[in-house]
Amino acid sequence: MTLLSIILALIVAIEHFYILYLEMFQSNSDKASKAFGVEREFLKDVRVQTLFKNQGLYNGFLAAGILYGLFLASNPIETVTLFIIFVLIAAIYGGLTSSKSILLKQGLPAFLALLSILILG
């Protein structure tokens, strides 16, 4: 795997760990309100906080899978590619169903990482 591919994959992983942090530990904060484009009053609902924490866990799984692929997997390219594709699919779905900005914020880094892996290895 090339250095560029590793760096881009790391960026995607770091982004998803940050999303985990916002959703699981800052779900009722001004940061989360701004990042996700929802009103603070909405975030105060315990049911919403529970849903956010669940989503955060899944974002953490995506990030952990990328790191596993980069540093521990016997076939790093295959493993990282799989998790980057998962991120890309989630970004496309989120962009279509929630906010178009997800395509840019989460989809673009994942797309660039995938492109780099497929072209450069």
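Predicted model: local features only at pLDDT ≥ 70, side-chain atom pairs only at ≥ 80, totals over all residues.
Let me begin where two helices touch: Ala9, Val12 and His16 in helix 1 meet Val80, Ile84 and Val87 in helix 5, where contact means heavy atoms within 4.5 Å, and where helices are DSSP runs of H or I with at least four residues, numbered from the N terminus. Residues are numbered from 1 along each chain as its sequence is written, and side-chain values use heavy atoms, with hydrogens and water left out.

The axes of helix 1 and helix 5 come within 11 Å and cross at roughly 50°, which makes helix 1 oblique to helix 5; angles under 35 degrees count as roughly parallel, over 145 as roughly antiparallel, 65 to 115 as roughly perpendicular, and the rest as oblique. The axes here are lines fitted to C-alpha atoms, for helices over the stretch in contact, with angles running from 0 to 180 degrees between N-to-C directions.

Helix 5 also packs with helix 4, residues 46-71, at an angle of about 160° and with the axes 7 Å apart, so helix 4 is roughly antiparallel to helix 5. The contact is made by residues including Phe61, Gly65 and Gly69 of helix 4 and Pro76, Phe83 and Phe86 of helix 5. Val46, which is found in helix 4, is exposed, with a relative accessible area of 58%, where exposed means over 50%, buried under 20% and partly exposed in between, with a 1.4 Å probe and protein chains only. Val46 and Gln26 are 20 residues apart in sequence and 13 Å apart in space, C-alpha to C-alpha.

That brings me to helix 6, residues 101-120, which has 20 residues and reaches 28 Å from its first C-alpha to its last, close to the 28 Å expected at 1.5 Å a residue. Where in helix 6 does the kink lie? The kink, of about 45°, lies at Gly107, shortly before the proline Pro109, the bend being the angle between axes fitted to the seven residues ending there and the seven starting there. Gly107 and Pro109 are both among the buried residues of helix 6, which also include Ile102, Ala110 and Leu114, and what covers these buried residues includes helix 1 and helix 5. Just after helix 6, Gly121 takes a positive phi of about 95°.

Technical notes: Expected span 1.5 Å × (residues − 1).
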